[in-house]
Amino acid sequence: MTTLIPDPRPTAATATALSTVPSTDPPDLLDALESEALHIIREVVGELERPVMLFSGGKDSVVMLHLAEKALWPAPVPFPVLHVDTGHNFPEVLAFRDAAVEHYGVQLHVASVQDYLDDGRLRERADGTRNPLQTMPLLDAIEEHRFDAVFGGGRRDEDKARAKERIVSLRNSFGHWDPKNQRPELWHLYNTRRRPGEHVRVFPLSNWTELDVWRYIAREDIALPSLYYAHERAVVERDGMLLSPGDWVQLRDDEEPSVRTVRYRTVGDMSCTGAVASTARDVEAVIAEVAATTVTERGATRADDRLSEAAMEDRKKEGYF
Amino acid sequence: MSTTTSTIAPTTTPTLLRLATAGSVDDGKSTLIGRLLHDTKSVLADQLAAVEDASRRRGWTGELAELALLTDGLRAEREQGITIDVAYRYFATAERSYVLADTPGHVQYTRNTVTGASTADVVVVLVDARNGVVEQTRRHLAVASLLRVPHVVVALNKIDLVEDPLQVHEQVTSQLAEVADALSLPVPPVVPLSALRGDNVVHAAGSTPWYTGPTLLALLESLPAARDLRNDAFRMPVQLVIRPQHGARDAAHIDYRGYAGLITSGAIEVGDRVVVAGSGRATTVAGIDLDRSSVQRAEAGLSVTVRLSEDVDLSRGDLLAAGDVPAPSRSFSAVLCWLSESPLRPGARVLIKHGTSTVQAKVGAVRDRLDISTLEHAPAEQAELNDLVRVDLDLAQALPLESYSVSREGGAFIVIDPQDATTLAAGMVDVPVRS
């Protein structure tokens, strides 16, 4: 592979296919979802002054940045991206992040959880999970850079609290979400206005499912970090999850790692993101696997979301992604 | 724990259908949604395990988990056993992917149903077979009529709990025909079903041998995706002017100038004459770009960037149109659905967002109020939360308004409080006055 990211453009063949769509067929699912996302991104760029896009190198954020480039082409993406780095990221995901930022020509801001731990503003949790610790650096970065709109890759199918989320969702001056008092969202008329100190979170992928994201990755030929595809890896099974032993996952006395063929469905914090047994080595195989899955993406791979029935709701209220 | 497999064929891309459900208290709406998700295999094992666990803790003794719990999103909803806010659910078959707006039946009724109906292709109205057509049913149909939702489908739930289901089905069907007629709606199909038992939701039921129609899901699968907007006149509110200048990453695009937007109705082809509504200036489509590739033709529902052959004064907030181009209006009458806790004060200065433009407006006198069950007009002088009222509005700048009865996209607007930025009302243009 000569470049990390191949040209993600549709080929001339797909463009021709689009122009010759028989007039009896409405736009298909992916066309409809893509057009909705482009419309959302363009509304925010048209109405707000200082947007930022959350970007971790994970598949949803990669798709979102791809959509941002499409929305504004041939002009460059006119806003920076922000990564809230837990300090426990997979090295290949960080390398991918940097290559992607280079490819799209966007400015990268990093808010580092490690910095907060080092100077005592945050303390490590007993369970070692750092995902809930991301909220403070995120809110500080928003305040420091005076961002008025924060694009996030959250999808409503991920979690029951996210199912209640608006596409353009207000956060008060503390960054808090009030799920019981949200603005009604009518037609495709988004209200992006806010009072000083408030900001909006914007979710262009709200109506996408995990399967839609993968189908779109296939259609657009979007490159992802390699750990989304099946590979051999030494793992240890803990609480029903396959964890990769290393600096952030210490082996317990009774644990013996074994090499298995696995892939990651999400690529978050290494301490709490599990792999799944999989032989899906390419995007088509992943689509087939996702279509036949019996467990949700977060249920399979995120220890932090198992904390309680309302773990995500509680984190979101405080200002989490 | 039951295991599930998906019914999705991964090689084909289905179409998207947006549903909204409307139900009254205790008519089994959450159970019906849970049943749709469960029987289309859209509930995965860990979600089901969580619900089974919660069902047991709440003392549910039924055979299946309490399906209604699948749809409760927030802690307060689970604690109080009610639905507070619109939630969105996703399920899919080989044919279609569904986005379902689950709108609560009793808290903030109008606000939530209007929100759900505003983007829906189909409203599924629940009727409890034991109660038949009630006041709430009339309201659901009236909201669907007012918002011009393309399709209405009635789910006649709890059919297993009535003595003479055939007679109930006939009676409800004929009552609904009358209500629909009064509201100028097509007569909705009525599917007798039991959400709890799963009869006629996804799987046909042996318990209703007299019913020869489709199951609820089969009916949804067969509906046309949406009102086909592609044969209407071309409309595209301009969102952005794309002009990279020296920021262009490719030197070939330094002089590029394109107008980005979502085609809300109709279609355009390269070479078509289009008009900037407002100024009335005509120009020609030189190119249609979807990302780096150019296409000859694009249709309603697609986000594109249009290049024009002559320079015209055109920016965000303008409407690019063809056919019967709407003339700019400075004053108009409209129906407002008032969504705010603070009442509407005649004379209030507000902001209106229509298409991609936001302008200052002044609300005139309240003319009358619409009865939410009949849509008949009654005298009124003010509007409070959840009221539907007809008002006159004056605009600081003319807008190319269309009557909502002609165009859902060209006649919809929201009213925003300029002080605290909240969304005050959903608006539908009644009669634009040409200025």
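**View 1. B:Gln245 sits in the loop between strand E7 (235-242) and strand E8 (258-262) of chain B.** Like every view here, this one comes from a predicted model. Is B:Gln245 buried or exposed? Count its C-beta neighbours inside 10 Å and you get 11, so B:Gln245 goes down as exposed, the cut-off for that class being 12 or fewer. The backbone has something to show as well: phi of B:Gln245 is near 45°, a positive value in a residue other than glycine. For background, most residues other than glycine have a negative phi.

**View 2. Over in chain A, A:Asp221 is another non-glycine residue with a positive phi, near 55°.** Look for A:Asp221 in the loop between helix H7 (210-220) and strand E7 (231-238) of chain A. A:Asp221 has 14 C-beta neighbours inside 10 Å, so it counts as partly exposed.

**View 3. A cis peptide bond links A:Trp73 to A:Pro74.** Omega is about 5° here. In general, most peptide bonds are trans. Where is A:Pro74 found? A:Pro74 belongs to the loop between H3 and strand E2 (81-85) of chain A.

**View 4. An open sheet of 6 strands in chain A has mixed pairing.** Reading across, the order is E3-E2-E1-E4-E6-E5. Which strands stand at the edges? They are strand E3 (108-112) and strand E5 (168-171) of chain A; each has a single partner strand, so one side of each is left without a neighbour in the sheet. Ignoring direction, neighbouring strands of this sheet are turned by 30° against each other on average. Zoom in on strand E4 (residues 149-151) and strand E6 (residues 199-202) of chain A, and you find a parallel pair with 3 bridges. Within that pair, A:Ala149 has A:Val200 in E6(A) as its bridge partner.

**View 5. Chain A is assigned two parts: domain 1 (29-210 + 312-317) and domain 2 (212-305).** Their centres, taken over C-alpha atoms, are 23 Å apart. Each side brings residues to the contact: 28 from domain 1 of chain A and 28 from domain 2 of chain A. On the domain 1 side, helix H2 (29-47), helix H3 (59-72) and helix H4 (91-104) of chain A each supply at least two residues. Which element gives the most to that side? That would be H3(A), with 5 residues. Sorted by class, the side of domain 1 of chain A that touches domain 2 of chain A holds 11 nonpolar, 10 polar and 7 charged residues. As for chain A as a whole, its secondary structure comes to 10 helices and 10 strands, and 53% of its 321 residues count as buried. Of the contacts in chain A between residues at least 6 apart in sequence, 77% join residues at least 24 apart.

**View 6. Chain B has an open, mixed sheet of 6 strands too, in the order E2-E3-E1-E4-E5-E6.** Strand E2 (87-92) and strand E6 (190-192) of chain B are the edge strands, each pairing on one side only. From one strand to the next, the twist averages 25°. Strand E5 (residues 151-157) of chain B pairs with E6(B) in the parallel sense, over 3 bridges, and B:Val154 stands opposite B:Val190 in E6(B).

**View 7. Helix H1 (residues 29-39) of chain B lies across several strands.** Those strands are E1 (15-22), E2, E3 (96-102), E4 (122-128) and E5 of chain B. The helix runs at about 30° to E2(B).

Definitions and conventions: Residues are numbered from 1 along each chain as its sequence is written. Chains are lettered from A and ligands numbered from 1 in the order in which they are written. This is a predicted model: local features need pLDDT of at least 70, side-chain atom pairs count only at pLDDT 80 or more; totals for chains, interfaces and linings use all residues. Two strands pair if DSSP finds at least two bridges between them. Helices (H or I, at least four residues) and strands (E, at least two) are DSSP runs, numbered from the N terminus. Axes are lines fitted to C-alpha atoms, for helices over the stretch in contact, and angles run from 0 to 180 degrees between N-to-C directions. Two residues are in contact if their C-beta atoms, placed from the backbone, lie within 7 Å. A residue is buried if 20 or more other C-beta atoms lie within 10 Å of its own, exposed if 12 or fewer, and partly exposed in between; C-beta atoms are placed from the backbone. Domain bounds come from an automatic or database domain assignment. Ala, Val, Leu, Ile, Met, Phe, Trp, Tyr, Cys and Pro count as nonpolar, Asp, Glu, Lys and Arg as charged, and the others, Gly among them, as polar.
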